[in-house]
Amino acid sequence: MGLTPVHFFSHGSTRMLEAETESGDYWRKCGEEALAHGVKGVILMGAHWACLGDKIEVAANPNPGKSPCPFVDPALYKDWKPNPDIDGAERCISMLAKEGFNVSANREFEWIHDTFMVLIKMFPDASKCPPTTIVSMNARYDPWYHVKVGATLRPLRKEGYLLIGTGGAVHNLYRNYWTDMLLYRESLGQEKPPESWALNFRQATEDVVTKNRGPALRKAMIRLMQHPAYREAQATDDHWMPALFAAGAAGDFEDEAEPNVLAAETWELRNMCNSQFTFGTYTNASSSAGKGDMGLSSSDRKIRDARPRMVTATA
C-alpha cells in the first residue's frame with residue numbers, strides 16, 4: 001500500500017450519532033473506502049482525553065467500555081463493541097518514545113463518544129471496524145507538540161493505517177444555543193444564521209486547509225490559533241488539537257502532491273460548525289514513489305527543493 005489519507009472530523013454534539021446529516025453520510029463513506037482499501041487499523045486522537053504534565057498516553061485496555069452518550073437512543077451505541085488494537089498501541093508508544101515523548105500505555109481507558117460515535121457511523125457493523133488505537137492529547141495544548149505527535153506517527157500511513165483527528169472546526173459550547181436540544185433532542189434547527197465570528201473562523205479554516213499542503217499546512221493550521229476569531233470559535237483548545245494532529249500526519253513534503261478538501265459540513269446549535277476535512281487520497285506504492293513532484297510546477301519544485309527538509313524540527 002502507498003499512503004492512506006488523513007481525516008479531521010468535527011464530531012459535533014452527541015446528536016450527530018442519531019441525526020441524518022451530510023457529515024454522517026461522509027463518515028460512512030470514509031469507512032466504506034477504508035474497508036475497500038484494506039486499511040490495517042485506525043489511529044485516533046479525540047478531543048475529550050488529555051494528560052497532565054508533559055505526559056501523553058495511548059489506550060491499551062483490551063476490553064474497554066464506553067462512556068454514556070447523552071441525548072441519543074442508547075440502542076445506537078450500547079451494543080457496538082470496540083475493537084482495540086493492543087499491538088498498534090505498543091507500536092505507537094514505541095515510535096513516540098523514540099522521538100522523546102513522555103508516553104505510556106493506559107490499560108484502563110474507557111472509550112468516549114468523541115471517538116466511538118464517529119467509528120459507529122463509519123463502521124455500523126462493529127465486526128468490520130478495523131483494530132483501533134486512541135492517542136491522548138496533552139493538557140498543555142502546545143500546538144507544536146500535537147503537530148509533532150501526528151508527524152511522528154505519519155509513517156504508519158504507509159503501512160495501511162488510517163489516522164484521524166476528531167475535534168471541531170468551530171466548537172464553543174458557551175456560544176451555542178441549547179434550548180431545542182435540551183427540550184426536544186434537536187440540534188439542527190437554525191432559526192437564525194450563525195454569528196459572524198463563527199462564519200469568519202469557519203471560512204478561515206477552509207481556506208487554510210484547501211490552500212496549503214505539506215509543511216505549509218502545519219504552519220498555517222497553527223497560525224489559525226492567532227486568528228482574531230479563534231478564541232470565540234474555540235473557547236478551549238481541546239477541540240483544535242486533533243486538527244493539529246491531523247496536520248502533522250498530513251504535512252510532510254511528500255504530501256504536497258495531494259489535495260486537501262472540505263468534504264462535508266453540518267451546522268448545529270446555531271454556532272457550531274462541524275466541518276469534515278480529508279487530507280490526501282489513497283495512493284498505491286508505485287504511484288506514491290514519485291508523487292513528490294506530481295502537480296507541482298517547475299518553479300514550485302525549485303522552491304520546495306531549496307527549503308531545508310527539517311520536518312521534525314518544524315513540527
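This is a predicted model: local features need pLDDT of at least 70, side-chain atom pairs count only at pLDDT 80 or more; totals for chains, interfaces and linings use all residues.

Residues are numbered from 1 along each chain as its sequence is written, and side-chain values use heavy atoms, without hydrogens and water.

A nonpolar core is a set of buried Ala, Val, Leu, Ile, Met, Phe, Trp, Tyr and Cys residues joined through side-chain atoms within 4.5 Å; buried means under 20% relative accessible area, exposed over 50%, and partly exposed in between (1.4 Å probe, protein chains only). The largest such core has 51 residues, of which Ile43, Val149, Leu153, Met221, Trp240 and Phe279 touch the most other members. Helix 9 (residues 241-249) gives the most to this core, with seven residues. Another core, of 33 residues, lies apart from it and includes Cys69 and Phe109.

Rings of Phe, Tyr and Trp (its six-membered ring) pair if their centres lie within 6.5 Å; planes under 30 degrees apart count as stacked, over 60 as edge-to-face and the rest as tilted. There are 10 aromatic pairs by this rule. Phe201 and Trp240 form an edge-to-face pair, with 5.5 Å between centres and 65° between planes.

| Residue | Relative accessibility | Class |
|---|---|---|
| Phe201 | 0% | buried |
| Trp240 | 0% | buried |
| Leu182 | 58% | exposed |

Leu182 is found in helix 5 (residues 179-184).

Methods: Helices (H or I, at least four residues) and strands (E, at least two) are DSSP runs, numbered from the N terminus.
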